[in-house]
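Here's a quick briefing for anyone opening this entry for the first time. Have a look at the sequence and the model, then read on.

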Amino acid sequence: MYYDVIIIGGGPAGLNAALNFGRGMKQTLVIDANNPRNRVTNESHSYLTQDGVKPTEFKRKAKADVTKYKDVTYLEERVEKVEKIDKGFEVKTQFQTFNARQVLVATGLREQSPDIANFNDFYGQTVFYCPWCDGYEMRNKKLAVIYSGEMMVHMVKLLSNFSQDLVVFTNGEKDILQEDKVLLDKKGVNIYTEPIVRLVGNDGQLKGIELNDEQIISVEGAFARMYWDTQFDFLDRLNIIRDEDGKFETDMFGKTSVEGLYVAGETKDNFAGQLLDSATNGGMVAKMMMMQQIEEDF
Ligand SMILES: Cc1cc2nc3c(=O)[nH]c(=O)nc-3n(C[C@H](O)[C@H](O)[C@H](O)COP(=O)(O)OP(=O)(O)OC[C@H]3O[C@@H](n4cnc5c(N)ncnc54)[C@H](O)[C@@H]3O)c2cc1C
């Protein structure tokens, strides 16, 4: 089948796009590796009517909404290659090849955690990165802020909304601006610059942070700096223009420099947001993609 659109990625951006394409009666294939960033956490917050929902339950409901439209097919596979062909695109997974007039990339972000050996044992349970997502649940606890550089003070300020008991770990970065030291000292926030050896605790419950000098500093949770990009291998064959930060150059509706190729959600923003932001953006981009098809066919 020649699809009107192939959506790569079935997170909130991809599935809300699919919902709109389904309602627009476009032949739509969603190809989703089903391995979203938020798989590590038990609850998602800040989505009206879904506050506190388990990510797998949110996805189950979203898929049910989308696949009730007869023109939408959901396939759980990983896309390995996308190529531009005469009439649109060829999209390859490990097992199959599909063709489509347009492609929407909604594969979220590639995420890398800080260089701490057992970080993933705690990530999503008592260690987070997004205060607006999980700060409320961690309120009034003793929190580690695993940050250095220019965002360190910003994160301390933001987290001070949720807890007055904060301690900074720069994980080996000794170079701290004097004005930052003075400010944090005035606010009673200690800074530890020794490298972190490991996180201490059980069953995802953080109890302390062990430093290179063998000190263990007790904490009850942490917010850490994560690293994100959108350098997906499957797009290597397409010459998509990016800006100096690696963000895809698009118009406000996700249209890239490659005719017929669009991006949505965190892939478009090149930055971590929230479920609702991605869903909203996916819906908007889908409507613009359909309008493009309608204009061409009218
Ligand atoms: C620990 C943690 C806690 C969070 N808590 C909250 C919260 O409380 N509230 C909130 O609103 N947000 C929260 N978020 C953020 C939220 O998960 C993201 O904002 C949202 O999932 C982004 O949606 P998206 O559709 O852009 O990308 P994603 O949800 O990441 O979806 C991308 C999809 O594309 C798939 N994919 C990737 N590559 C391929 C490929 N090659 N082929 C096919 N499919 C592919 C992935 O497997 C995934 O299913 C949290 C995130 C994390 C990590």
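Let's start with Phe122, which sits in the loop that runs between strand S7 (110-112) and strand S8 (127-128). This is a predicted model, and in it Phe122 has a relative accessible area of 3%, so the residue counts as buried. Val40 is 82 residues away from Phe122 in sequence, yet the two C-alpha atoms are 9.1 Å apart in space.

**The chain as a whole**

- The chain is built with seven helices and 17 strands.
- Its C-alpha trace spans about 65 × 35 × 30 Å along the principal axes.
- There are 298 residues in the chain, and 49% of them count as buried.
- An unreviewed UniProt entry carries the annotation "domain: FAD/NAD(P)-binding", which covers residues 3-268.
- In the model, that span of residues 3-268 is 19% helix and 30% strand, and its end C-alpha atoms lie 22 Å apart.

**The disulfide**

- How many disulfides does the chain have? The count is one.
- Its partners are Cys130 and Cys133, with 2.4 Å from S to S; the pair counts as a disulfide because the cut-off is 2.5 Å between the sulfur atoms.
- The link of Cys130 and Cys133 is right-handed, with 70 degrees about the S-S bond.
- Are the two cysteines buried or exposed? Cys130 has a relative accessible area of 9%, so it is buried, and Cys133 is buried too, at 15%.

**The second largest pocket**

- This pocket has a volume of about 580 Å³.
- It is lined by 27 residues, and the closest to its centre are Tyr147, Met151, Trp228, Phe271 and Ala272.
- Which elements give two or more residues to the lining? They are helix H3 (131-134), helix H4 (151-159) and strand S16 (227-229).
- H4 gives the most to the lining of this pocket, with four residues.
- Sorted by class, the lining of the second largest pocket holds 13 nonpolar residues, along with seven polar and seven charged ones.
- Both domain 1 (2-111 + 227-297) and domain 2 (114-224) take part, each giving at least three residues to the lining of the second largest pocket.

- As background, most residues other than glycine have a negative phi.
- You'll find Met25 in the loop between helix H1 (12-23) and strand S2 (28-31).
- With a relative accessible area of 63%, Met25 is exposed, because anything over 50% counts that way.
- Asn270 isn't a glycine either, and its phi is positive at about 60 degrees.
- Its place is the loop between helix H6 (266-269) and helix H7 (275-297).
- Is Asn270 buried or exposed? Its relative accessible area is 14%, so Asn270 is buried.

- Tyr3 belongs to strand S1 (residues 2-8), and its relative accessible area of 9% makes it buried.
- Tyr3 and Gln102 are 99 residues apart along the chain, while their C-alpha atoms are separated by 8.1 Å.
- Gln96 lies in the loop between strand S5 (88-93) and strand S6 (97-105).
- At 31% relative accessibility, Gln96 counts as partly exposed, because that value falls between the 20% and 50% cut-offs.
- From Gln96 to Glu77 is 19 residues along the chain, and their C-alpha atoms are separated by 9.2 Å.
- Asp180 is part of helix H5 (residues 178-186).
- Why does Asp180 count as buried? Its relative accessibility is 12%, and under 20% means buried.
- Asp180 and Asp165 are 15 residues apart along the chain, and 17 Å separates their C-alpha atoms.

Technical notes
Residues numbered from 1 in each chain as written. Predicted model: local features only at pLDDT ≥ 70, side-chain atom pairs only at ≥ 80, totals over all residues. Heavy atoms only, no water. Buried < 20%, exposed > 50% of the residue type's maximum accessible area, 1.4 Å probe, protein only. 1 Å grid on protein atoms, 1.4 Å probe; cavity = no way out; pocket = protein on both sides within 12 Å on 5 of 7 lines; lining within 4 Å. Points joined across faces, edges and corners; volume = space filled by probe spheres on them. Nonpolar A, V, L, I, M, F, W, Y, C, P; charged D, E, K, R; others polar. Domains from an automatic or database assignment. UniProt positions renumbered as here; feature names shortened; annotations may be inferred.
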